[in-house]
Amino acid sequence: LVVILDFGGQYNQLIARRVRECNVYCEIKPYTTPLEEIKALHPKGIIFTGGPNSVFDMSSPHYTKEILEIGVPILGICYGCQLIAWMGDGEVKTAPVSEYGKIELQVTDPASALFRDVPETSIVWMSHTDYIATPPEGYQIVGKTNDCPCAAMQNTEKKIYAVQFHPEVTHSEYGKQILRNFLYEVCACSGDWVMDNFIENTVAALREKIGDKKVILGLSGGVDSSVAAGLLSRAVGKQLTCVFVDQGLMRKDEGDFVEQTFTTMFDMNFVRVNCGELFMSKLKGVTDPEEKRKIIGTEFYKVFWNEIRGQAEDGFFAQGTIYPDRIESGKGKSDGKANTAVIKTHHNMAKMPDDIQFLGVIEPLGDLFKDEVREVGEKLGIPHELVWRQPFPGPGLGVRIIGEITAEKVKILQEADWVLRDEMSKNGYESQLSQFFCVLPGVNTVGVMGDHRTYDNLVAIRAVTTDDFMTADWAKIPYDILAKVSNRITNEVEHINRVVYDITSKPPGTVEWE
Ligand code: XMP
């Protein structure tokens, strides 16, 4: 285990992902974690992250100097690097201008373990104003840039290393090699964190924890809950019951696909609750987007709680929480008590009602990043379509039909959306997009079909590329593919006579229209 001590930098999750890519298991801990707690984890190494603050400011995150003396190798990055210098009474100064962007690093000591297989000059990503003017006693400078006299330093005796640049971002050409060097050469990590071991160990741990009890999992058909279901099925087979609430707002045939996958490929009890009509009646006449979201969310949980109520005693509650969900919510691992668990959803949080009392909560993917979850999914034999499924909002097509939702509109949208998906997949374009779908704005326009004037629905295509969905670019799908989609939608889907393409990025637009 490597501990990543979080001082608030924007790339901290990226550091963790890079470490995992080196097949080394790591966990991010807040800088407020007491030293004793860190020592108790027996880490092979500790990484101090960057952070937006200045070490001079006493309100900035600091840490006890003792950490430098516990004999565990440390790598400081950016703010973490300055913090090591500051803790060791080196001299940290504020530069008149920041060093920002791609900068040439000059390795001044090629023999440094950090720079094994790294050329003497390479590009690194810098983003700092403070810099180390003089390293603390016992530290040697091993790298510099034109403006930064100490871009890397080391204390080989204490196995403490520090870099001013960000090895975790891809702009740093040899960043991953530098991290790998720290992990393998300095910390002597063996690099045996691989997903096969994860599956084997997790399945064993799940069997041990669950024993002969039952487990209930809410399955949405999304990547995380599907992979959690696959793991639990492998661990305890029929002791697992997956409850799949189909509110009738999924994409075309999606509910059937989920059902077929889990009933035919995995050993478990699969319960599908079809409640499309109920949802439609609750949504009748409702046009306000937030109101619609609220109704869909509330009804969803009502149905779900009703389904599992009475099955809780003597059983566990499982969910597909993944590592970023835990870091973002700042909650750490679930404490295992079902009633204090906040149930995972994207935009809504739901607390389990007090009258449902499980023995505990199980989050088998709680330590994994999304790409690792996908790898596990592939290894478990979950169909590619589910493992690589694009994000789909909890309220489903409900937020893609502007205004009142009716069964007829759902059908029209499902058909149009299906054509879009079909064309993207036939053209091999799927993997280049982060998310793509159709929207039914509830607008009729005039058209002409044969000799007839039509007055029918407009449908919009939305397609984006993004890393994190906080910002997104509209996707530049080639015109000929768009032309094909438009042609097919207007020809194949009844009640659509016009197709438009949304060319708005986020911001100012959001990905969804509602
Ligand atoms: P926006 O529209 O906020 O979407 O730019 C960003 C990402 O979040 C998804 N999204 C939702 N997911 N419940 C969800 O589970 C929701 O209410 C919801 N609204 C948006 C959206 O599909 C995109 O991936």
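For "active site", an unreviewed UniProt entry lists Cys78, His166 and Glu168. These residues span 91 residues in sequence, yet no two of their C-alpha atoms are more than 11.0 Å apart, so they gather at one spot. The model shown here is predicted.

**The listed site**
- Cys78 sits in the loop between strand S4 and helix H3.
- Strand S4 covers residues 74-77, and helix H3 covers 79-87.

**Domains**
- The protein chain is divided into three parts: domain 1 (2-186), domain 2 (195-387) and domain 3 (406-501).
- The centres of domain 1 and domain 3, taken over C-alpha atoms, are separated by 48 Å.

**How H6 meets H11**
- Two packed helices are described by the angle between their axes and the distance between the axes.
- Helix H6 spans residues 223-236, and helix H11 spans residues 370-379.
- Their axes come within 9 Å and cross at roughly 45 degrees.
- The crossing of H6 past H11 is left-handed.
- On the H6 side, the contact is made by Val223, Asp224, Ser226, Val227, Gly230 and Leu231.
- On the H11 side, Val373, Arg374, Val376 and Gly377 take part.
- Sorted by class, the contact of H6 with H11 has 5 nonpolar, 3 polar and 2 charged residues.

Key: Residues are numbered from 1 along each chain as its sequence is written. This is a predicted model: local features need pLDDT of at least 70, side-chain atom pairs count only at pLDDT 80 or more; totals for chains, interfaces and linings use all residues. Axes are lines fitted to C-alpha atoms, for helices over the stretch in contact, and angles run from 0 to 180 degrees between N-to-C directions. Helices (H or I, at least four residues) and strands (E, at least two) are DSSP runs, numbered from the N terminus. A crossing is left-handed if the near helix is turned anticlockwise from the far one by less than a right angle, and right-handed if clockwise. Two residues are in contact if their C-beta atoms, placed from the backbone, lie within 7 Å. Ala, Val, Leu, Ile, Met, Phe, Trp, Tyr, Cys and Pro count as nonpolar, Asp, Glu, Lys and Arg as charged, and the others, Gly among them, as polar. Domain bounds come from an automatic or database domain assignment. UniProt positions are given in the numbering used here, feature names are shortened, and annotations may be inferred rather than shown by experiment.
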